[in-house]
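Subject: Structure handover

Hi,

Here is the structure I promised to pass on. Please open it alongside this email.

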Amino acid sequence: MPKASVTRLIERDKAKLINFVLDIEKYPEFIPFCENSKIHMMKDDGNIINIIADLTIGKGPFKDTFKSDVKFNKKNDHIHVVNIEGPLSYMENNWKFVEKGNLTSGYKTEVFFDIDFEVKNKFLNILMTKSFQYGLEKIADAFQKRAESL
């Protein structure tokens with residue numbers, strides 16, 4: 001299974017970054033190869049925000065839609081995502097946010113992101129294993145550039 005992780009220090013406060021990551025419907029505006037996104041359900045029970053959402057990833061005829069269950073735990077500033085349906089047999093990713101700055105020194109947040117997944121197509125899974133860290137870095141670059149421009 002391809003596994004990858006990335007850590008970035010982003011010059012924004014934690015709450016804004018969390019809201020930015022949870023704003024899934026805006027992903028096509030800045031994530032490479034994200035053609036569409038749709039939130040099917042969003043529920044806030046006080047401690048947990050639960051979102052069911054689709055992302056369509058690809059280019060031209062080579063695209064597919066992934067449905068995910070996204071849970072944001074407000075107490076520990078953690079977002080946990082699992083695959084519900086689509087071309088993946090398994091997918092799990094995590095976002096963790098740690099505020100490093102303050103009003104005086106400037107707000108900065110360390111963002112930790114990890115992902116573990118397996119594509120149903122075994123050949124594609126082998127290809128993804130070899131190149132996924134590079135792709136993840138490109139996606140992280142896009143997130144950071146967009147977050148710092150807001």
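Below is what was found in it, from the whole chain down to single residues.

**Ground rules**

This is a predicted model: local features need pLDDT of at least 70, side-chain atom pairs count only at pLDDT 80 or more, and totals for chains, interfaces and linings use all residues. Residues are numbered from 1 along each chain as its sequence is written, and side-chain values use heavy atoms, with hydrogens and water left out.

**The whole chain**

The protein chain has two helices and seven strands. Helices (H or I, at least four residues) and strands (E, at least two) are DSSP runs, numbered from the N terminus. Along the sequence the order is β-α-β-β-β-β-β-β-α.

The radius of gyration is 15 Å, which agrees with the value near 15 Å for a compact globule of 150 residues. That radius is taken over C-alpha atoms, and the globule rule is 2.2 Å times the number of residues to the power 0.38. Along the principal axes, the C-alpha atoms fill a box of roughly 50 × 35 × 25 Å.

Of the 150 residues, 39% count as buried. Buried means under 20% relative accessible area, exposed over 50%, and partly exposed in between (1.4 Å probe, protein chains only). The chain exposes about 8,800 Å², and carbon and sulfur atoms supply 56% of that. Accessible areas come from the Shrake-Rupley method with a 1.4 Å probe; for residues, only the protein chains shown count as cover.

Contacts are worth a look too. A contact means heavy atoms within 4.5 Å. Among contacts between residues at least 6 apart in sequence, 47% join residues at least 24 apart.

On charge, the mean positions of the 23 positive and 22 negative charges are 1 Å apart. Lys and Arg count as positive and Asp and Glu as negative; His and the chain ends are not counted. Each charge is placed at NZ of Lys, CZ of Arg, CG of Asp or CD of Glu.

**Strands β4, β5 and β6**

Strand β4 (residues 62-73) pairs with β5 (residues 78-85) in the antiparallel sense, over seven bridges. Two strands pair if DSSP finds at least two bridges between them. Strand β5 also runs antiparallel to β6 (residues 88-99), with five bridges joining them.

Opposite H80 stands K71. In β6, the bridge partner of H80 is N94.

Now the turns. The hairpin of β4 and β5 has four residues between the strands, and D77 there takes a positive phi near 50 degrees. D77 is a residue other than glycine. D77 is also buried, because its relative accessible area is 14%. The hairpin of β5 and β6 has two residues between the strands, and G86 takes a positive phi near 130 degrees.

F33 is another non-glycine residue with a positive phi, near 65 degrees. F33 lies in the loop between α1 (14-22) and β2 (34-44).

**Helix α2**

K138 lies in helix α2 (residues 122-149). K138 counts as partly exposed, because its relative accessibility is 41%. K138 and F72 are 66 residues apart in sequence, and their C-alpha atoms are 24 Å apart in space.

A140 lies in helix α2. A140 counts as buried, at 9% relative accessibility. Leaving out residues up to four places away in sequence, A140 touches V6 and R8. A140 and R8 are 132 residues apart along the chain, yet their C-alpha atoms are separated by 8.0 Å.

Best wishes
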